[in-house]
Amino acid sequence: MTKPRLFRLWLVLGSALMILLIIVYWDNVGTAHFYLHTSLSRPHILEPLPTQGLVEENVFTSDVDEFLNTLLSSDDAKHNDLSRRKTEHPPAPAPSKPVLSHMEENVRGYDWSTHDAQQSPDRDRQQAERRSLLRDFCANASLAFPTKDRSFDDIPNYELNHLIVDDRHGVIYCYVPKVACTNWKRVMIVLSESLLDRGSPYRDPLDIPREHVHNTSTHLTFNKFWRRYGKFSRHLMKVKLKKYTKFLFVRDPFVRLISAFRSKFELENEEFYRKFAVPMLRLYANHTSLPASVSEAFSAGLKVSFANFIQYLLDPHTEKLAPFNEHWRQVYRLCHPCQIEYDFVGKLETLDEDAAQLLRSLKVDSQLHFPPSYRNRTASSWEEDWFANIPLAWRQQLYKLYEADFVLFGYPKPENLLRD
């Protein structure tokens, strides 16, 4: 009789300890926002995890699912009420012009005039069409590209580092470099209150210094979940993906490449000079002796040409050494649009209108404004000039390299660049 009683006692104590750990863990995650459905996000029914091969793990996961659903349902009203009280702010003032201390921002040519983007009845339809196009091509066997057919579970943890999470408002943003990501990161900092200024959260995105915006420690991203939540991390990601509003912004792939080249190789950038420009100049421009610093190189007239950059992208040895840098990595590799069902697909070409629509849909438009857009000098009309001295065969290879981004996000094939 003693042994069964001891066994039952240990079972009860073990279960109580497990529940306590889950409560502490979930408290860190923030359940308050799992049911913050905006006009974009859609409620979903939690589905069981795929089988893990062991009965014990399946039983454990099932118990966790049941416990989490019960916890979310019982605490939902209380948490949402607290969240609303905490996040209510007076209407945000119109953004003002900050001090432009960063050279790249000066080059871009910011337009600080206000843009009152009015909601068009066609905006919702446009979003539906963008999402539908993405969904259709992800399911279409005629479009093939690496990683298309893998599941979310197959994505390595380090490839989830572009998914920024705001638990306060139930938002996930996948940032794409060279697509207004600096200002969208600023917006996410304001929403999540992840950065303080003299003890208080930032209220105006433009007040946030650029160096803090791109500091990885500022943002909660999916790749950090494993370190914080262990074996629960992938399951937690899936729950958030079902419950939260997910968005990304894209732009014409070739124009994005030109923009990346201009900002990283036409401006003095020590990091990109040493890591990328020096190897490119040696491999594709036949320079054997190069200055140690970018300022010395620029003074000597040693700069990477756009043709050198294209050669680097097309060279099969490039990615054998390391994956593409995020500034020219394909969007499908950064944001996994065939594994993640995005609720909002914005475009840089319609940035003002899309940003206004998204903030309204998230019901935060009275809390903050998206920073004023800029007149980006890297325009699609410049493509022919930039590619004029690039051989036709290279242009065709480059299109194949970025074809999935063109097709998935509805950008027309640049026929004028791909034929004689």
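# Briefing: surface, sheet and salt bridges

The chain exposes about 21400 Å² of accessible surface, and carbon and sulfur atoms account for 54% of that. Keep in mind that this is a predicted model. Of the 420 residues in the chain, 50% count as buried, and the chain has 17 helices and six strands. Take the contacts between residues at least 6 apart in sequence: 77% of them join residues at least 24 apart.

**The four-stranded sheet**

- Four strands make an open sheet with mixed pairing, in the order β1-β2-β5-β6.
- The edges belong to β1 (163-166) and β6 (344-347); each has a single partner strand, so one side of each has no neighbour in the sheet.
- On average, neighbouring strands here are turned by 20° against each other, ignoring direction.
- At one end, β1 pairs with β2 (residues 171-174) in the antiparallel sense over four bridges, and Val 165 has Ile 172 in β2 as its bridge partner.
- Helix α15 (residues 351-361) lies across β5 (245-250) and β6, and runs at about 150° to β6.

**Buried spots in the helices**

- Helix α8 (residues 233-243) has 10 of its 11 residues buried, so the rest of the structure largely encloses it.
- Over in helix α10 (residues 270-284) sits Met 280, which is buried with a relative accessible area of 0%.
- Beyond its neighbours within four places in sequence, Met 280 is in contact with Phe 265, Ala 285, Val 304, Asn 308, Phe 309 and Tyr 312.
- Met 280 and Val 304 are 24 residues apart along the chain, with their C-alpha atoms separated by 7.0 Å.

**Salt bridges**

- The structure holds 14 salt bridges.
- Asp 167 and Lys 240 form one of them, with the closest N and O atoms 2.4 Å apart. Asp 167 is in the loop between β1 and β2 while Lys 240 is in helix α8, so the pair ties together parts 73 residues apart in sequence.
- Are these two partners buried or exposed? Asp 167 is buried at 14% relative accessible area, and Lys 240 is buried at 1%.
- Asp 343 pairs with Lys 246, the closest N and O atoms being 3.0 Å apart. This one links distant parts of the chain, 97 residues apart: Asp 343 is in the loop between α14 (331-335) and β6, and Lys 246 is in strand β5.
- Both ends are buried here too, Asp 343 at 1% and Lys 246 at 3%.
- Arg 203 and Glu 193 meet in a salt bridge at 3.2 Å, N to O. Arg 203 counts as partly exposed at 40% relative accessibility, whereas Glu 193 counts as buried at 17%.
- A network of salt bridges links Arg 123, Arg 130 and Asp 354.

**A nonpolar patch outside**

- Leu 6, Leu 9, Trp 10 and Leu 13 form a nonpolar surface patch with about 460 Å² of accessible area together.
- Leu 9 belongs to helix α1 (residues 2-29) and counts as partly exposed, at 47% relative accessibility.

How values were computed: Residues numbered from 1 in each chain as written. Predicted model: local features only at pLDDT ≥ 70, side-chain atom pairs only at ≥ 80, totals over all residues. Heavy atoms only, no water. Patch = residues over 30% accessible without salt bridge, like charges linked within 9 Å, V, L, I, M, F, W, Y side chains within 5 Å. Areas by Shrake-Rupley, 256 points an atom, 1.4 Å probe, with all protein chains shown as cover. Salt bridge = Lys/Arg side-chain N within 4 Å of Asp/Glu carboxyl O. Helix = DSSP H or I, 4+ residues; strand = E, 2+ residues; numbered from the N terminus. Buried < 20%, exposed > 50% of the residue type's maximum accessible area, 1.4 Å probe, protein only. Pairing = 2+ DSSP bridges. Axes fitted to C-alpha atoms, helices over the stretch in contact; angles between N-to-C directions. Contact = heavy atoms within 4.5 Å.
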